[in-house]
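Trainee: Could you take me through a close look at one part of this structure? I would like the place where the two chains meet, and then what lies around that place.

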Amino acid sequence: MSGSLFPTQEIGSLARPRWQTLGTRDGGWDADAQAEFSRWDEAIGFARDLPDARNAVLAGRAAELAPEAVRDLGALFGLRFLETVGLDRVYDGEARRIEMYEYPIRRMTGFRLEGHVRSFDSKYYRKATVVDRVGLEHPLHVEEFDFVRRHAKAEPKLPLTGPYTLADWSYDEYYLARQPGWKGPAARRAAKREFVVDLARRAVRPTVLALVEHGCRTIQFDEPAAGTHPEETDLLVEGFNAATEGIDAEFLMHVCFSDYRALLPGLLEAKRCRQWAWEFANRDGDGADGYEVLRTLREYPGHPSIGLGVLDVHRDPVETPRQVAERIGRAAKYLGDPSRLWVNPDCGLRTRRLEVARAKLEAMVAGTRLARAEFENPRR
Amino acid sequence: MELNVALTSPFPRSEALVRATRDLDRGRVPAASVEEEFRRGELAVVELERRLGCDALTAGFLRSPDLFRPIAERWEGFAIGSLTRWLSTNTFFRQPVLLAPPGRVPGAFAAGLPPPLREGPGRARILLPGPYTFGQLLDNRSGETDLAVVHRLGRLLGDEVADLRRQGFGSFLFSDPLLVTRSPTGPMAESVVEAYRSIGRAADGGTSIVWTYAADAAPALPLLDRLDVSAVGIDLADTEVDRIPPGPEGRGLGLGVLDPRTTLAEDPAEVVRVVRAAATRRRAGPVWLGPGAPLDLLSAESATRKVEILARARSTLAGGPAR
């Protein structure tokens, strides 16, 4: 790690470079994609570990590359993008995944994919219906982790979608249909519990076991749905525990856009969770204090460390290093223990253009250095 | 039993409209081509509503970015704030920021209504945010108390309804889920009653419905029964029928009988059973059936499949053969 205080990490996804999108489609590369590749390669030298593929692109023979080779380049791009910013923990920007829900669901059995649902404005996602008992033919993410492990210079942290979120974001036919009569609140809750536990035991746990066997030491459970039903925190915890029980690895849980107070104290029952990585920056500013909620954690002295969101991933204006440092300082004051803070974006930066994401991450790293200096060498 | 059927929320966008709006976002197509797609989508929803025998038409409200922006972007006093989770769903709205006491801009809201509704106001159902949910979910920096904001929103929504009544619109549905998820008490409850009094006066012979969902409505029904509306809507996916208290005899009752959080089609026989049970327990007058939570939690295809249940349940309840 870069220092004793405030290690930095990413949270998950990055926007996909245009050359990767085009390079994995039939139409292939165009001049803009080629130029984008060259520009980033010059800036961060990401493709040097794959010289054959790199040379093919730079020589104008990118069309000869198989989609898998382009995806390898994409994963390496994500990895170096994050490493060269100076983060302590990195991954590949989820370069091989469509997104955090559809990608795992497509690799499980028992689901039928439905059409698009609007998330907000003109942003949409696809949901699936569970129509049979959940299953998994092959553990997820193992090949992508192997690739990252082979190439990473910083410590890798693998993000995966947690069982509660997978259940919450799916339509339930199979488990709900097993409940007799009208599907009122009691029937829906009983069905959901069965669904979450099946996902945890039959899909996520086998994945975690396989990843650990392949050398993965740090795994982040993405549970953005956690805050949507605080009254179901016990289901969230039951799923997390069923997926991780008895497994030797460091587990984190990422939750965002939620009222964290409502998850407490139930969330403390996820005993193997070492860090809660939460979004704060989105709710900070314009007179609002997004970090004030951390005061609440003083009531729970045994709580995990906090992954502190300091970058708003839904807006383009780039935070200044001073702003980041101030947020860290404020959070440390509220928490009462700076040694329990990691620093990260609110959520995955996929929502921002790569140039904006890069500038934000650079500001985050610079701001963290400022904060570290201020805490380690306080003015008298 | 006097029975009515209608949609209660925006309809999901079709796959074609999803593509078009995404392409517009990415600068790939001009706004005019998306406008054509919206128009096609609205006509398709009207066609569906006619086929289902809906007693009021919504045309899907496909253009609404969320519940609040049709108002917040057209009235005075608002800015549009950060992305905020919509209740307990995986969808979001941009939180309205109230910077000054709100002011209505006459005609602005009506100008944004779906064209098929403007062309035939007599059968249209207008979807509006309920004053309580609106007032509670906005970021109030106006200097007024939250109580005063809810009260003022009620009055302004009443003015909007009065204006729409003059244009020939007669059916208004106020989506007010926080009345059951975060039920008001004390002075705020009185402010809500007053807000709906303004709306009720303005509706003047039209149909006004307050629609709730996302939580058990039973505890809130004593308050809901005080609201000056034609009918109170409750979601039977969140409210156990056998916990519903009796209501004022003959009062209009809205029943959310489709659960858009699952693609599992409701059993029409079960729908008929719970509708009869709920109407009996409430001693209800006219009954309005519709989806409970917002239908755009489903894809367009699933929603289209699911709303067919409304017509089948209605047919059985009206004495037709069970299908």
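**Where the chains meet**

Mentor: Chain A and chain B bury about 3500 Å² between them. Carbon and sulfur atoms hold 47% of that area. Three residues stand out on the chain A side: A:R118, A:Y124 and A:W182. They supply 23% of the area that chain A buries against chain B, more than any other three residues. The contact takes 37 residues from chain A and 45 residues from chain B. Keep in mind that this is a predicted model.

Now pick one residue, A:G115. Where does A:G115 lie in chain A? It is in strand β2, which covers residues 108–120. Look at what A:G115 touches, leaving out residues up to four places away in sequence. From its own chain come A:Y125, A:R126 and A:K127. From the other chain come B:E15 and B:S299. Is A:G115 buried or exposed? Its relative accessible area is 11%, and buried means under 20%, so A:G115 is buried. For a sense of distance, take A:T233. It is 118 residues from A:G115 along the chain, and their C-alpha atoms are separated by 29 Å.

Next, follow the chain past strand β2. The loop between β2 and β3 holds A:D121. Strand β3 covers residues 123–136. Check the backbone here. A:D121 has a positive phi of about 45°, although it is not a glycine. Why point that out? Because most residues other than glycine have a negative phi. A:D121 has a relative accessibility of 19%, so it counts as buried under the 20% cut-off.

Find B:F61 in the loop between α2 (31–52) and α3 (69–72) of chain B. The relative accessible area of B:F61 is 6%, so B:F61 is buried.

One more backbone detail is in chain A. A cis peptide bond joins A:L264 and A:P265, with omega about 0°. In general, most peptide bonds are trans. A:P265 is in the loop between β8 (250–255) and β9 (273–278).

Now step back to whole chains. Chain A has twelve helices and eleven strands. Its radius of gyration is 21 Å, close to the 21 Å that the globule rule gives for 380 residues, so chain A is as compact as a globular protein of that length. Along its principal axes the C-alpha trace of chain A spans about 65 × 60 × 40 Å. Of its 380 residues, 61% count as buried. Take the contacts in chain A between residues at least 6 apart in sequence: 74% join residues at least 24 apart. The accessible surface of chain A is about 14800 Å², with 48% on carbon and sulfur atoms.

Chain B has twelve helices and ten strands. With 323 residues, a compact globule would have a radius of gyration near 20 Å, and the 19 Å of chain B agrees. The C-alpha trace of chain B spans about 50 × 50 × 35 Å along its principal axes. Of the 323 residues, 62% count as buried. The accessible surface of chain B comes to about 11600 Å², and 50% of it belongs to carbon and sulfur atoms.

Finish with charge. Chain A has 56 positive and 59 negative side chains, and the centres of the two sets lie 2 Å apart. In chain B, the mean positions of the 40 positive and 40 negative charges are 1 Å apart.

Conventions
Residues are numbered from 1 along each chain as its sequence is written. Chains are lettered from A and ligands numbered from 1 in the order in which they are written. This is a predicted model: local features need pLDDT of at least 70, side-chain atom pairs count only at pLDDT 80 or more; totals for chains, interfaces and linings use all residues. Side-chain values use heavy atoms; hydrogens and water are left out. Helices (H or I, at least four residues) and strands (E, at least two) are DSSP runs, numbered from the N terminus. The radius of gyration is taken over C-alpha atoms; the globule rule is 2.2 Å times the number of residues to the power 0.38. Buried means under 20% relative accessible area, exposed over 50%, partly exposed in between (1.4 Å probe, protein chains only). Accessible areas come from the Shrake-Rupley method with a 1.4 Å probe; for residues, only the protein chains shown count as cover. Lys and Arg count as positive and Asp and Glu as negative; His and the chain ends are not counted. The place of a charge is taken as NZ of Lys, CZ of Arg, CG of Asp or CD of Glu. Contact means heavy atoms within 4.5 Å. Buried area is the accessible area (1.4 Å probe) that two parts lose on being put together, summed over both.
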